[in-house]
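Colleague: I would like a close look at one part of this model, with the cut-offs spelled out as you go.

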Amino acid sequence: MHCSLARSLEVMGDWWTPLILRDLYFGLGRFADIAEDLGVSKNLLSARLAALVKRGLVERRRYSEHPPRDRYVLSTAGRALVPVLMALTAWGDRWVGPSEGPPVRFEHRACGRIVHPEIVCSHCGQPLEVDAVVPRSGPGRRSAPGTRLVGKGPRERADAAACRPDRGTRG
């Protein structure tokens with residue numbers, strides 16, 4: 001598909017992938033530790049890790065030569081997915097989480113506070129909610145499966161200009 005979301009999901013593979021990436025982010029890197037934490041079969045985990053290495057989300061790093069042992073770590077691309085995983089976790093905490101509360105909380109190293117991940121506008125910092133964003137055609141748009149609707153009949157909204165950085169500075 002010619003859709004960035006579809007391509008991202010293709011890289012993610014299946015529902016085991018975000019859990020493996022989460023475990024790597026949490027500091028598990030040895031195969032046996034990941035298999036034990038997830039309760040996944042070694043065959044399945046081996047295949048998923050190999051795919052993640054091939055797709056560039058995970059790197060293997062040798063930590064022992066005799067016997068040969070590797071540790072798995074997030075690559076730059078894998079680390080870039082961590083905020084997405086945090087946002088999915090926050091959604092899960094709100095809509096489908098355990099009644100006792102979140103199983104994990106995220107502490108911001110800079111200020112030491114527990115944070116609740118949210119997606120915000122890169123210009124004005126306002127939360128990006130469904131009615132606050134209008135999809136527009138991008139430079140890579142073409143009519144293809146998964147992108148046929150992008151840019152056709154834009155949804156005009158009275159509040160579409162609420163985020164313009166030049167708002168109120170006419171001169």
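This is a predicted model: local features need pLDDT of at least 70, side-chain atom pairs count only at pLDDT 80 or more; totals for chains, interfaces and linings use all residues.

Modeller: Residues are numbered from 1 along each chain as its sequence is written, and side-chain values use heavy atoms, with hydrogens and water left out.

Just after α3, glycine 39 takes a positive phi of about 65°; helices here are DSSP runs of H or I with at least four residues, and strands are runs of E with at least two, numbered from the N terminus. Within α3, which spans residues 31-38, Ile34, Ala35 and Leu38 are buried, a term that means under 20% relative accessible area, with exposed over 50% and partly exposed in between, for a 1.4 Å probe and protein chains only. These residues lie on the same side of α3 because they cover an arc of only 100° around the axis, the arc being that of the directions from the helix axis to the C-beta atoms. An α-helix has 3.6 residues a turn, so residues three or four places apart point the same way. The buried residues of α3 pack against α2 (16-25) and α4 (42-54), where contact means heavy atoms within 4.5 Å.

A hairpin through two residues joins β1 to β2, and arginine 62 stands opposite aspartate 70 in β2.

Note on methods: Two strands pair if DSSP finds at least two bridges between them.
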